[in-house]
Amino acid sequence: MTSKNQKTIIIGLTIALIFVVVGVFCFSYAMETLDVKAEELGAEEKPVYEPPFPDYTIVGMENEWGALLIGIAGTLLLFVAGLGVAKLLKKKKS
Amino acid sequence: MHIPDGFLTISVIIPTFIITILFWAISVKKIKLTEKQVPIMGLLTALFFAAMMMNYPIIGGTTAHLLGGASLGLILGPFAGCISVTIILVLQAFLFGDGGLTALGANTLNMGIIGIFIPCIIFLAINKAFKIKSTTALYTTIFISALFSDVTAAVSAGIELGLSQPVFQYGLSVAVPTMAINHSIFGVAEGMVTIVLIATLLKLRPDVLEKSPILGKLWIFQNKKETTE
C-alpha cells in the first residue's frame, strides 16, 4: 500500500471514529421515524435471530462505554471486511 | 431506515429478496475496481457504518441517519457501492440486530440499490444534458443526487411497509409520505456531507476519483485524458 493510501486511510478512519464518539455520546438514543410509527401502531419487532451485540451493546455493559467499544470494533471490522471483499473482487477480475 | 423482522409480510419479503439477489449477482459480475479504489472501498465502508450509527434529530422527536448511498455510488460506482452497502447491512443485521434478517432483501433494495443507483443515474443524466463544467454546477448536481438518494430510498421503504398490511395499518397513503417527508429533510444533510466528501477527495486524492465510473466522466478528468492523448 502506498504512503498516500496509508495517509488517506488514517485520516478517514479517524473521522469515522469521531462519528462513533459523537454518535454514542450525543445522538444515539432518539428514535427513528420508522420506530415512532411502529410504536404508534403497536407493531412489534419479531426477531428471528439473537444477535451477539443487540442494539450495539455488550450484554452486561449496557452503557455508552460499551457502545463506544462496539462502535470502534465495528468500524475497524467493517474496514477489514470492505477491504477484504474489494481485494477479493479485484483479484477475481484480474 | 433499517426495517426489523416482523414489519414486512411475506408478499413483500420474497420479491424484495429476488430483486436484491439479482442486483448482487449483477454487481459482482460488473464491478470494476482499480488498485487505488480497493483501500478506498474499505475506508468508505467503515466510514458509512460509523455514520449510520449516528442518529440526528429531525422533526417530531424522530431521528434519521446518513445512508452514504450517493457518496459510495458516485465515488466507487454503483456496483462497488451496492456491494459496500451490502457488507454494512449484513454485518449490522447479524452482529447488532440493526435491520431484520427477513428484511435484509428490503433494506438492501432501499439503501444499497435504490439509494446507490438513483444518485448515479441522476448525476450521469445531468452531466450528459448540461455538460457540467464548473464546481458550482458540480456541487449542485451532487447535492440533488444525494437528496434524491435519501428520498427515493425512504419512499421505497414506505411502499414496502405500506404494502405490509395488517402489520402497518396506515397503508401506503400514510407510510410513504411520512417516510419521504422526514427523510427529505435529512436528505439536505446527506447532500452537504456528500459535497464535503467529494470536494475533499477532489482536492486531496483526485487520482481515486479519476477512475470512478461516475465522477471519472467529469470535465476535469476528460480534459486531462484529451491532453495526454
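In the predicted model, helix H3 of chain B passes helix H7 of chain B in a right-handed crossing. The axes of H3(B), which spans residues 69-76, and of H7(B) come within 9 Å and cross at roughly 30°; because angles under 35 degrees count as roughly parallel, H3(B) is roughly parallel to H7(B). On the H3(B) side, the residues that take part are Ala70(B), Ser71(B), Leu74(B) and Ile75(B), and these meet Glu190(B), Thr194(B), Leu197(B), Ile198(B) and Leu201(B) of H7(B). Classified by residue type, the contact of H3(B) with H7(B) has 6 nonpolar, 2 polar and 1 charged residues.

Between the chains, 50 residues of chain B are in contact with 52 residues of chain A. The side of chain B that touches chain A draws at least two residues from each of helix H2 (37-53), strand S1 (56-57), strand S2 (62-64), helix H4 (78-96) and helix H7 (172-204) of chain B, and among these elements H2(B) gives the most, with 12 residues.

As to the confidence of the prediction, chain B averages a pLDDT of 91, with 95% of the residues scoring at least 70, while for the complex the predictor gives an ipTM of 0.89 and a pTM of 0.92.

Methods:
Residues numbered from 1 in each chain as written. Chains lettered and ligands numbered in written order. Predicted model: local features only at pLDDT ≥ 70, side-chain atom pairs only at ≥ 80, totals over all residues. Contact = placed C-beta atoms within 7 Å. Helix = DSSP H or I, 4+ residues; strand = E, 2+ residues; numbered from the N terminus. Axes fitted to C-alpha atoms, helices over the stretch in contact; angles between N-to-C directions. Parallel < 35°, antiparallel > 145°, perpendicular 65-115°, else oblique. Left-handed = near helix turned anticlockwise from the far one by under 90°. Nonpolar A, V, L, I, M, F, W, Y, C, P; charged D, E, K, R; others polar. pLDDT = per-residue confidence, 0-100.
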